[in-house]
Amino acid sequence: MDALKAEIAVKRKALEIPAPEGARPTKYMRRGELERLKEEQEKKEKEEKETRLKEEREREEREREQRRREKAAAGAGSARRSTNSPHPEGDTSSASPAPDSAQSFKISNEETIRRLRAKGQPIRLFGESDKERRLRLRALELIEEKDHERHGGQNDFKKALEDVENVERLMKDRQQDESARDKGKKRDTEASLVSEVLDLELVKSDPDKLYPIIYYALKRALKEWEQWMDERPEHVKRTTQGKLAAATQRQSAEYLKPLFKLLRARNLPPDMLARIAEIVHHMQKRQYQKANDSYLRLSIGNAPWPIGVTMVGIHERSAREKISADQVAHVLNDEVSRKYIQSLKRILTFAQTKYPPEDVTQLMG
């Protein structure tokens, strides 16, 4: 329909054009003439559009130049009035951020404050405007992106191996001095995992007392693991298996840092706190089989997996109340949780190796 209207309008325009002298008046027009008239019309519209865009760009450039001059004049006037100005007159135009970069990074003030606080940066510097604060946040994010791209392809285990080799070089000088001191402490560390056994009754009575007990128990076990790695013979440390074991220890210490942070802040979920308390309690009593069961409940959970239709009517299916929140798995929540839960399992394995249980049935599989 639109094409038909356009063709009628073109023919109407053609009829309005006066015919040249001596030419025969034509009732009909050829297709070539219609195409030529259409091309001329499109060309004219295109030229008008380009002219209009050019005028708009020139007007924007003039307005931007005018604003820049007004800003420079205002800065020069304030610099003349103030003798203790931190910026000289020539730096006013260069210190002002570019309008294009400010327009390309537009976020709200609340979002800017939230991101700066997450990075541990001050939310506003002295004499800083909102635009300069957004530009400062953008510069910090660009620096972090470049650092991430530089170190993004590095493997955690490879980094731990490099750290182990560097630490071994430093430990050679202090090995003789620490050997005598470690022998004196060996008898004390034998009962370190057994001392101050965690009471599981605190899970229900006073959960806040569990946080320092779990924190120091895991710190002590991690320290003993590190000392046990250092006490190995030199030829064992030099082997590939020895280096991998040391790298595993350092990687586990790095992965446990978020858990220690949550314990210091007393911010663990109640179900996770109960499972970790059970792991520490059974590890201190050398009941590694029960500790492994608690680890499995923490990592993969024991919630029933409903198969088929769960709700077919207005009534609940039987045993649906068993599908509760405290039986959900935490190892798949995020990458940080997976790492420190896996490190708890490694501490259990080390404790079983160094402090084997009296009952063989309590060994983990």
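Guide: Helices here are DSSP runs of H or I with at least four residues, and strands are runs of E with at least two, numbered from the N terminus. Welcome to a predicted model: local features need pLDDT of at least 70, side-chain atom pairs count only at pLDDT 80 or more, and totals for chains, interfaces and linings use all residues. Residues are numbered from 1 along each chain as its sequence is written, and side-chain values use heavy atoms, with hydrogens and water left out.

Visitor: What makes the pair E61 and R64 a salt bridge?

Guide: That name requires a side-chain nitrogen of Lys or Arg within 4 Å of a carboxyl oxygen of Asp or Glu. The closest N and O atoms of E61 and R64 are 3.1 Å apart, so the pair qualifies.

Visitor: How do you know that E61 and R64 are separated by about one helical turn?

Guide: Both sit in helix α2, three residues apart. An α-helix has 3.6 residues a turn, so residues three or four places apart point the same way.

Visitor: Why is E61 called partly exposed?

Guide: Buried means under 20% relative accessible area, exposed over 50%, and partly exposed in between (1.4 Å probe, protein chains only). E61 has 47%, so it falls in the middle class. R64, at 30%, counts as partly exposed too.

Visitor: How do you know that the span of helix α9 agrees with its 21 residues?

Guide: The expected span is 1.5 Å times one less than the number of residues. For α9 (residues 210–230) this gives 30 Å, and the end C-alpha atoms are 30 Å apart, so the two agree.
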